[in-house]
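I opened this notebook to record what I looked up, entry by entry. The structure is placed below for reference.

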Amino acid sequence: MAKTLDYVCTACGARHAKWSGRCDSCGAWNTIQEEKPLSSGPGGKTLGAVRGTPLTLVDLATAETPPPRTSSGIAELDRVLGGGLVPASAILVGGDPGIGKSTLLLQAAASFARGGLDAVYVSGEEASAQVRMRAQRLGLADAPVRLAAATNLRDILTTLEAEKPDIAIIDSVQTMWSDQVDSAPGSVAQVRAAAHELTSFAKRNNMAVVLVGHVTKEGQIAGPRVVEHMVDTVLYFEGERGHQFRILRAVKNRFGPADEIGVFEMTGGGLSEVANPSALFLSDREDPAPGSAVFAGIEGTRPVLCEFQALVAPTPHSQPRRSTVGWDGGRLAMILAVLESRCGIPFAGLDVYLNVAGGLRISDPAADLAVACALLSAREDAALPPQAVVFGEISLSGALRPAGQTENRLKEAQKLGFTSAIVPARSKTGPGTDLTLRPHADLAALVGDMFGAG
């Protein structure tokens with residue numbers, strides 16, 4: 001009997017009997033790809049009738065010392081990993097083309113090797129000579145890192161089994177191919193097979209493996225989403241091409257906090273660490289001007305200050321424009337609706353532009369109040385109080401809700417020279433801060449106090 005073909009959505013994993021342009025499960029377009037099923041055993045069953053071998057069970061209460069973490073020598077990378085590299089872990093690093101993934105991992109491999117680990121760098125996209133050229137440009141030519149240029153998964157695993165390195169970097173998983181899978185490199189089946197084999201090999205041999213993944217135009221790692229479930233840690237390397245800042249963000253981490261960030265700066269000699277990202281994001285800030293608000297946010301476990309910039313202008317079109325960079329556009333629409341419904345401040349007939357300076361992407365809900373203040377400041381053409389930070393969450397009723405980790409936000413603002421803070425009422429400030437607080441119970445009270453309307 002001829003084998004039937006399956007069609008799998010790379011976004012949600014749903015299976016379809018035939019190809020179509022749109023997935024019926026998640027609604028994504030052009031994500032359905034062909035996949036051959038696993039070969040069937042006797043009786044049409046996948047496993048067949050052969051009995052398997054029993055598993056080795058261990059007692060949870062057995063006192064075993066957990067393996068120590070290994071520091072990479074790059075403090076920002078260690079922070080994102082949760083304190084260092086864990087043995088037998090699988091790490092997936094994704095990012096846009098040219099953002100600096102290979103540069104960061106080559107620097108990390110050199111740092112691990114100089115720290116005493118046996119590091120192997122396998123490139124499926126470049127020749128070994130090209131990797132050496134980058135190493136010379138970065139000043140890493142003397143690092144004891146062993147290189148290989150290969151795409152055959154069987155050859156790579158055979159080499160790693162013979163050499164038994166402490167860490168292996170595979171750049172990238174989309175270029176790997178297995179001769180057991182009858183499809184082209186980069187397909188759903190190939191990427192899933194390569195990730196599964198490399199992750200399983202790392203667990204069996206107590207070796208840390210780092211996989212580089214390409215991203216789609218939507219910003220997601222290309223291939224099936226099951227790859228992100230296989231690995232222990234998923235890191236995204238973010239940044240705008242017009243800015244020199246690069247942000248390494250952990251979206252999944254079994255050994256540390258998720259949503260932790262590490263900040264780097266792209267220079268001619270590679271990526272350099274940024275120990276104080278708040279000062280860096282505010283370094284180009286001008287004098288207080290209408291439409292500008294400084295937000296004291298939390299990224300992972302660290303406080304980060306950044307600037308929200310808003311512009312409100314009359315529109316010549318019948319449909320006003322709403323444009324955001326670095327923030328959620330849907331949340332901007334919600335805040336505009338709250339301002340009009342609860343405060344009586346309309347934005348009809350006005351174009352609204354919102355930007356997070358420095359190329360940072362903010363997802364903290366406590367940024368609501370900073371966005372509202374920036375919009376009101378731009379609309380009324382009145383600057384906010386100088387040296388003031390803003391944070392707080394806005395509910396649909398117009399009430400202001402306190403933000404988490406208020407003490408850390410205020411301490412970071414005070415360290416950078418800010419003297420006041422616009423916060424929701426009932427915020428737990430705690431001792432150790434000398435900032436002048438301006439609490440408000442709801443958005444209407446804030447509008448009346450600061451702009452004399454509402």
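Entry 1. I first noted the terms: two strands pair if DSSP finds at least two bridges between them. Helices (H or I, at least four residues) and strands (E, at least two) are DSSP runs, numbered from the N terminus. The model is predicted, so local features need pLDDT of at least 70 and side-chain atom pairs count only at pLDDT 80 or more, while totals for chains, interfaces and linings use all residues. Residues are numbered from 1 along each chain as its sequence is written, and side-chain values use heavy atoms, with hydrogens and water left out.

Entry 2. I looked up an open sheet of 7 strands, which has mixed pairing and the order β15-β16-β14-β13-β17-β20-β21. Its edge strands, β15 (322-325) and β21 (436-440), each pair on one side only.

Entry 3. Phe-295 has Val-390 in β17 as its bridge partner.

Entry 4. I turned to helix α5 (residues 188-205), which has 18 residues. From first C-alpha to last it reaches 26 Å, close to the 26 Å expected at 1.5 Å a residue; the expected span is 1.5 Å times one less than the number of residues.

Entry 5. Which residues of α5 are buried? I found Val-188, Leu-198 and Phe-201 among them (buried means under 20% relative accessible area, with a 1.4 Å probe and protein chains only). Just after α5, Asn-206 takes a positive phi of about 55 degrees.

Conventions:
Buried < 20%, exposed > 50% of the residue type's maximum accessible area, 1.4 Å probe, protein only.
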